[in-house]
Number of protein chains: 2
Amino acid sequence: MLQKFKEHININFPFLKDKKLLIAISGGVDSVVLTQLLHELNFNISLAHCNFQLREKESDLDEEFVKLLAQKTSNQIFKIKFDTEKFASKNKLSTQIAARELRYNWFQEIIEKHNFDYVLTAHHADDNLETFLINLTRGSGLDGFTGIPKINGNIVRPLLAFSREEILAYAKTNTIDWREDASNATTKYIRNKIRHQILPVLKEINPNLLETFAKTLENLQESKQIIEDRIATISSEVFETDFSTEFILNAVERLEVTKINIDKINQLSNPKAYLYQLLKEYNFTEWNDVYHLLSTQSGKQVYSKTHRLVKDREYLLLSERDFSTALEMTFEIHENQFEITNPIYLTFEDVLQKSDENKQAIYVDKDLLKYPLIVRKWENGDYLYPLGMQGKKKLSKYFKDEKFSLLDKENAWLLCNAENEIIWVLNYRQDSRLSLKNTSKNILKITSK
Amino acid sequence: MLQKFKEHININFPFLKDKKLLIAISGGVDSVVLTQLLHELNFNISLAHCNFQLREKESDLDEEFVKLLAQKTSNQIFKIKFDTEKFASKNKLSTQIAARELRYNWFQEIIEKHNFDYVLTAHHADDNLETFLINLTRGSGLDGFTGIPKINGNIVRPLLAFSREEILAYAKTNTIDWREDASNATTKYIRNKIRHQILPVLKEINPNLLETFAKTLENLQESKQIIEDRIATISSEVFETDFSTEFILNAVERLEVTKINIDKINQLSNPKAYLYQLLKEYNFTEWNDVYHLLSTQSGKQVYSKTHRLVKDREYLLLSERDFSTALEMTFEIHENQFEITNPIYLTFEDVLQKSDENKQAIYVDKDLLKYPLIVRKWENGDYLYPLGMQGKKKLSKYFKDEKFSLLDKENAWLLCNAENEIIWVLNYRQDSRLSLKNTSKNILKITSK
């Protein structure tokens, strides 16, 4: 196998040569054999072992085993202990997902800190097929049937083309020791059932199952590629950027809003299928609710753990979710400040007269101002005396008349004086109360960017 | 189950009501239960049974059983005996494929002759999952993972949402008899292994496996839909019609050539994946050879059982395969004929003088003609005296100079006289030998359409 592995690496992973490699090692036969193979071929390797503390003494014995292996091969080793159960319950994750998150985050930390080029994991062809079948039992879409990626960012899986059988045979022939994983986690239970009860039958039906399966995966990956091409084209047609909104958003920086043209979605052969593909990266889970937005009334919304989707007349508005905290933010501006940068960028400048006119600047009578000024979001009960209009108007009415969407409203910032009177609906409308009069002596120019 | 089935039909197959239905019945539990259910619900059904004569006496007993069932329920029955093995070996098909072809062809015959609206088959959810897994063991692409279609033309599968378990339970509760299929064909062997050794384990892992699987199939069908949309767009960009070629082809009618722009294929994200999708309906099997055409020299070709693909400079030329027989066709035209319609449309007209000039008409000196004239394809050794050029030219040289593709050459027809001298390379070039001279007295105008 060493020779075959060497050739395989040369052809498929030539970039690994002379690079600093970190091997994720559990102590199981796969990762031990991967370590041994790369060691024999004189690659520049170090080991990284996670003790997830899920199997008490067994976990510690694994750690001990890996430590000794590193000594024997004189390789650097990184070790860490995780309180996986605690992390899982705190973050409401399954043990399996928690372990994966802890593990890959930690690898990326080591990589950055110690300048590694790649993390190597020992996934093999049987793992790949098992995962395919696990996804089949759980229900999946095409993404669940395209296999574990051979290369994914800086994570590389050099054994993916090899079978468990080959790996085991290599270990036995070369009298390599390893630790059996006695874990009984649910996924492990499912994986073991598939490994021991299903794969053998499939391999009886087709002794070349793994080769056949590799070809199948390639076909499905090609299908995925074509879908991605189509979705790239479609998203450029149905995703729109609302510049007026974006201007305000840019000021807050974290916020980005994408407008999705509902009419264009509905013109596609299968709106539901397209909406899924267009939005799948945004972590939505309640897809029926998402599809329902296409036909429901304005204002309805669906949240994912990271994003929000709002129906707004002929659009769905997609934005990141964490801006909701911004709603509670209030910022004070004192008389001696000539500039603020948070939550938005504003400058304050004494000027002799009004010069340029645009939406991004207002002029106020400085003598009427009461400091500290306040930058905040709107509240129910807010009202203003819009400059250029007659009298007083509820801010909610103003928003409605100006056709602000739900998101526009949330994204809007108000500049008020110390008594909470609105001076400016930023970039939209000044209030007439503090605006420049013929009698004004000291003029303050306020500019947003 | 009867109630559930009734509702399922109302929601998913409302169009079956009051229609003339033909049930494909083997005598196995699935088709017997389907018959019973539709009988109970007073649908207008008839039965169709194929005896494939693959299991000797057993096959005859099945036929007998179905005949009795039809008597009991007073339904019309159609029966047929096939020599399946003979048909399979004659057409080089597997027994299974042969049986399927015989069966569906016969159903379509009955449907037309007796005015049925639909053929109903008894495929159920377990069949669907088994087929998915069979395709997994054999290697497949997305098409092999999108399930048996619920409705496909006039073939309808009303039990596809029901499990084998439900069907069996209904048969037992209602003391319905059926015939066990004792077949031992290879596919049957594989299917049985999957049915008895794999499905139970998967159902242990997920007791709602079939519902989960239905959702999975829906997802994969949606992916397929998106691919089809993309391919429709792409094929309109890379498939071109060569009008000059098409003109000749139309004359022969059976021939249609599609030009595939290689450069445009190569600009796609994954040329191989796209070429497969664009050509998959043309029955090619040697896909590596097909992909190789993209980069190989002109003249190379790949055949499927129905089509031919030829590399021709910057194009791949796709055409139906059976025109090769046309190459051997020679047609005689006698002096008294004023029109021929096969293999091409030609008219012969005595005229007083030359009038319109175009590629579709020539004028010859009738007194020089030797009948019968011959319409044929070109052969090695053919030569002509091109009108308007000096002297004699090999036809192969003429083709080359005029940049005829391999297909252009094959599609070209020659009109010759009885001594096999070329009169006209149809629609391209007249020969000067029989062309109109100043001395010509009797003028024949020959026109192609």
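How many residues does the contact take from chain A, and how many from chain B? Select both sides in this predicted model: chain A gives 43 residues and chain B gives 43 residues.

Show the surface next. About 3800 Å² is buried between chain A and chain B, and 68% of that area comes from carbon and sulfur atoms. To see where chain A contributes, pick Leu136(A), Ile205(A) and Ile226(A), the residues on that chain that lose the most area to chain B. Together they account for 17% of what the chain A side buries.

Now turn to the polar side of the interface. There are 20 residue pairs in polar contact between chain A and chain B, counting pairs with both residues at pLDDT 80 or more. The interface also holds eight salt bridges. For one of them, select Glu222(A) and Lys272(B): their side chains meet at 3.0 Å, N to O.

Colour chain A by element.

In the model the stretch is 100% helix and 0% strand. Its end C-alpha atoms lie 40 Å apart.

Definitions and conventions: Residues numbered from 1 in each chain as written. Chains lettered and ligands numbered in written order. Predicted model: local features only at pLDDT ≥ 70, side-chain atom pairs only at ≥ 80, totals over all residues. Heavy atoms only, no water. Contact = heavy atoms within 4.5 Å. Buried area = accessible area lost by both parts, 1.4 Å probe. Salt bridge = Lys/Arg side-chain N within 4 Å of Asp/Glu carboxyl O. Polar contact = N/O pair within 3.5 Å; in protein donor to acceptor, adjacent residues only side chain to side chain. Helix = DSSP H or I, 4+ residues; strand = E, 2+ residues; numbered from the N terminus.
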